[in-house]
Each structure stands twice: as structure tokens, then as C-alpha cells.
Amino acid sequence: MTITIVPRHAPSIQPDDVWLKIGDWLQRHQATIRIVQWTMVLVYCVLLIVPVFLPLPDRAVYLWTNFTRFAQFIFWGVWWPLVLLTTALVGRIWCGILCPEGAITEFAGGRGRGRAIPRWLMWPGWPTLAFACTTLYGQMTSVYQYPAPTLLILGGSTLAAALIGLLYGRNKRVWCRYLCPVSGVFGLLAKLAPLHFRVDPPLWQLSQLSGTKPKAINCAPLVPIRTMRGASDCHMCGRCSGFRGAIRLARRSPNHEIVHVAGAAAKPWETILIVFGLMGLAVGAFQWSVSPWFVYAKQWMAEWLIENGVTWPLEATAPWWVLTNYPQKNDVMTLLDGALLIAYLLAAALACGATTLSLLALAARSLGPWRTQRFHHLAQSLIPLAGAGVFLGLSGLTVSQLRSDGIVLPFVDLLRLATLAMATFWSGVLCWQMTGTYSQQPARRVLALSLVGLAMTPAVAGWVLLFWIW
């Protein structure tokens with residue numbers, strides 16, 4: 001007879017068992033997930049394509065009476081803000097279960113040529129460069145206001161995802177892993193998620209010693225799951241849950257990956273995306289249309305051109321797919337408008353980014369002899385503030401669209417202020433915990449924290465100007 005002794009006060013079910021069961025449910029119900037994915041593809045295509053064939057709405061319509069306005073509101077006022085929020089809360093579950101592009105590129109990959117992935121395609125800078133280009137181009141064509149630019153940018157991205165799937169990989173998401181314009185942003189936000197698929201190396205080794213060979217799994221985003229330590233690259237699809245008895249969905253501290261994992265290797269392109277992209281270019285993209293500096297620069301440049309007898313930049317326009325051009329809506333960008341827009345966004349990115357980067361470098365040096373890895377690690381502490389800023393910018397579109405239809409959301413300014421304050425505080429906490437891994441001297445740690453706090457100032461000031469001053 002075998003007697004099992006159970007600790008007197010041990011609970012019959014551990015709290016993490018709930019998450020383990022959810023992960024295993026995802027693993028067992030991949031067919032259901034496919035149905036969800038293709039349903040999302042259908043909804044995505046309808047919202048993306050149908051408005052292009054409808055007349056542009058006038059000011060008398062509401063978002064619940066006009067499909068074009070409804071589609072724009074869903075895309076930019078609901079869809080993208082929620083994607084950012086859920087990624088920070090539960091990891092890249094959007095990518096693994098709901099993303100239309102992910103489903104399409106994997107489907108195409110299963111029926112394509114399956115070529116080896118070329119080295120140029122795996123360059124780590126593509127997501128950062130693609131994010132910058134799509135952000136800049138989206139502002140030039142007014143992507144948040146009109147359906148045609150939305151189709152051009154989002155639809156073009158989807159076609160590129162399908163093409164990459166047809167050419168490279170076999171049942172893989174090569175596009176998502178290396179080229180997607182938002183994969184870099186999602187990878188950063190997923191580091192904050194309190195849920196992840198945890199890999200237990202001892203259990204993995206034990207399963208290998210047992211001699212059993214489990215059924216192979218297809219990790220579509222090409223994650224080396226045996227050595228996976230964080231959630232940045234994982235798409236949370238659940239296919240690997242329970243593999244070798246060593247992978248499970250589990251809780252963790254939201255600070256764990258950034259403090260203890262992100263510093264293992266320097267990732268310069270992530271630093272560029274955080275500092276110049278999310279905390280510089282994105283701020284400029286949301287504020288340029290109401291910026292008095294932009295208006296002043298435009299007036300000064302126009303006067304200078306007229307005084308020198310050059311008027312064609314004030315009159316010449318470009319097709320809608322180059323610069324905003326909708327005469328019927330009295331919304332037309334001249335070549336001067338376009339040039340100043342590009343200059344303003346690049347100036348915002350460079351000014352904010354250079355200031356932030358310089359202060360981060362001083363903070364890294366204050367903790368001891370210069371280490372490049374430490375510098376890039378400290379940049380990761382800014383992820384909460386960078387992500388919250390983009391969320392605030394997109395949710396501002398939500399508020400403005402609802403307000404134009406007479407729907408006023410209460411306490412918006414208070415919620416914005418609370419979000420910005422909490423994100424700034426969270427970044428400060430991450431920085432303080434990071435400094436403890438590099439130095440035990442309180443003076444060095446306080447100095448580094450103060451410098452990183454100053455590094456947050458340009459981005460915080462940009463959002464304060466947008467929401468409470470301009």
C-alpha cells in the first residue's frame with residue numbers, strides 16, 4: 001500500500017494551476033483558434049475595403065449611421081488602442097490568436113515555395129525602420145481620417161505579409177518575426193505582461209534523459225523555445241503548452257523580464273525604437289496638427305517664399321497617396337505643408353531622442369565604468385512611459401471622434417494624467433531596480449535614477465503640451 005502525505009496547509013489547487021489549464025486549453029483547441037483567426041480576417045477585410053468604395057462622409061453623419069466613419073473609429077479609436085493595452089497585460093496574444101496578417105502569412109507559408117530565409121531579411125533593424133516609415137507616411141496621407149490611405153498602408157502591409165509567406169519559410173510567420181512594422185512595439189510591450197509561457201530547463205533536460213521523443217510542434221514565429229526566457233518574441237498561441245512537460249502558462253512580476261532578462265544582451269535597435277520612435281517620432285505625429293510651432297514655421301516660410309518671388313510650393317499639390325489631397329473636404333496639403341510636416345516630425349524625433357539618449361548615457365556612466373550593455377538596458381526602463389504615450393495618442397483619436405458626435409467622456413483629462421503619472425512612476429521603479437543589479441552604492445543609484453528621470457522629461461512634456469496646453 002502506498003501512502004501519500006499531503007502538507008497540512010497546502011491548498012489542493014495552486015493558483016498557477018488556473019493559468020496552466022488555460023495554456024493547455026489553447027494547445028488543445030488550435031482548430032477553434034483557426035476559426036477565430038479567419039473570422040478576424042473577414043472582419044478586417046470588410047472594414048478595410050468597403051469604405052473605399054463609399055463616398056466620403058460629410059459632417060452631418062454619425063459613426064453609428066455611416067459605415068466609413070464607423071470603420072475608421074473601429075480601426076484607430078478601438079482596435080489599435082486595445083491591441084496595445086492587451087499586449088502589455090497578457091503578452092502578444094493578439095499576434096498569436098487574432099492578428100489577420102499573422103494568419104494570412106502563415107497560411108501562405110504553408111502553400112508557398114518554402115525558401116530559406118535570406119540573411120538580409122533577418123536584419124534586426126527592419127521593424128524599427130518600418131515603424132518610422134509607416135508613421136511618417138501615415139501622417140503625410142492623413143491615415144487616421146480617410147479610408148484610402150488606411151487601405152494603402154494596412155492593406156499594403158497585408159499583401160507584403162502574404163508575399164513573404166509565399167516565398168520564405170514553411171508554415172512559419174517570417175513576416176511577423178522580422179518585418180512587421182509593429183512587431184518591435186509589441187515585443188517591447190510584451191515584456192511588461194504579467195503572463196508568459198515559462199520554460200523550465202531542468203524539466204526539459206529530464207524529458208530528454210527519459211528517452212521519450214514528443215511530437216514536434218510548429219512555433220510559427222520562429223522562437224527558439226528551449227532557450228526562451230521572456231515574452232518579447234512569443235505570440236502566446238499556446239501550441240507549445242505542455243511540451244516535454246517543461247512549458248506552461250504562468251504568472252510573473254511585470255518587472256521581471258525588463259530587470260532580469262532584457263539586460264542579458266544589448267539590443268541597439270530596441271533602444272532606437274524606444275527613444276527616437278515611441279518617445280520622439282510618435283509624439284510629433286500626434287501633436288503636429290495642433291502645434292503653434294508648426295503654424296509659426298509655416299507662416300514664416302510662406303512669407304519668406306513670397307518675398308523672394310517663389311510661390312509654387314504654396315500652390316503645388318501631390319496625389320492623395322503622396323500627400324493629403326481631398327479638395328471636396330477642403331483638406332489639401334501643398335508641397336510646403338508636406339515638407340514642413342516631414343521636417344517637424346524628424347526634428348521632434350531627433351530633439352527628443354538625442355536629449356533622452358544623452359541623459360541615458362550619463363546615467364549608465366554614473367553606475368560605473370562605461371558598459372554598452374548597461375546603457376541599452378537602462379533604455380528598457382522607459383518602456384512603460386513610451387507605451388503609455390502611444391496609447392494616449394491613439395485613445396485621443398477615440399475621444400475626439402466621440403466628441404465630434406456629441407459624446408463627451410467624463411474624467412478624460414484626469415485619466416490621461418493618471419496614466420501618464422503611473423507610467424512615469426513605473427519607469428522610475430524599473431530604473432531603480434536595474435541600478436541595484438549594477439551597483440550597491442546609494443549615491444550612484446540615486447544619481448542614475450535622477451538622470452533617467454530627466455531623460456523622461458521631453459516625452460512627458462510633449463504629451464502635456466498636447467493634452468493640457470495646446
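**Stop 1: a charge over a ring**

Select Arg445 and Trp432: Arg445 lies over the face of Trp432, 3.9 Å from the ring centre. To count as a charge over a ring, NZ of Lys or CZ of Arg must be within 6 Å of the ring centre and within 35 degrees of the ring normal. Before you go on, know that this is a predicted model, where local features need pLDDT of at least 70 and side-chain atom pairs count only at pLDDT 80 or more, while totals for chains, interfaces and linings use all residues. Residues are numbered from 1 along each chain as its sequence is written, and side-chain values use heavy atoms, with hydrogens and water left out.

**Stop 2: helix 18**

Now select residues 412-438, which make up helix 18. Helices here are DSSP runs (H or I, at least four residues), and strands are too (E, at least two), numbered from the N terminus. Helix 18 has 27 residues and reaches 40 Å from first C-alpha to last, close to the 39 Å expected at 1.5 Å a residue; the expected span is 1.5 Å times one less than the number of residues.

Which residues of helix 18 are buried? Among them are Arg416, Leu420, Ala423, Ser427 and Cys431. Buried means under 20% relative accessible area, exposed over 50%, and partly exposed in between (1.4 Å probe, protein chains only). An α-helix has 3.6 residues a turn, so residues three or four places apart point the same way. Show the partners next: the buried residues of helix 18 pack against helix 11 (256-261), helix 16 (372-380), helix 17 (383-404) and helix 19 (442-469), with contact meaning heavy atoms within 4.5 Å.

**Stop 3: aromatic rings**

How many aromatic pairs does the structure hold? There are 22. Rings of Phe, Tyr and Trp (its six-membered ring) pair if their centres lie within 6.5 Å; planes under 30 degrees apart count as stacked, over 60 as edge-to-face and the rest as tilted. Zoom in on Tyr62 and Trp64, a stacked pair at 4.9 Å centre to centre with 15 degrees between the planes. Tyr62 is partly exposed, with a relative accessible area of 36%. Then select the members of one aromatic cluster, including Tyr44, Phe75, Trp76 and Trp468.

**Stop 4: two positive phi values**

Most residues other than glycine have a negative phi, and most peptide bonds are trans. Select Asn171, in the loop between helix 7 (147-167) and helix 8 (174-178): its phi is near 60 degrees. Finish at Arg244, with a positive phi of about 55 degrees, in the loop between helix 10 (201-209) and strand 2 (247-251).
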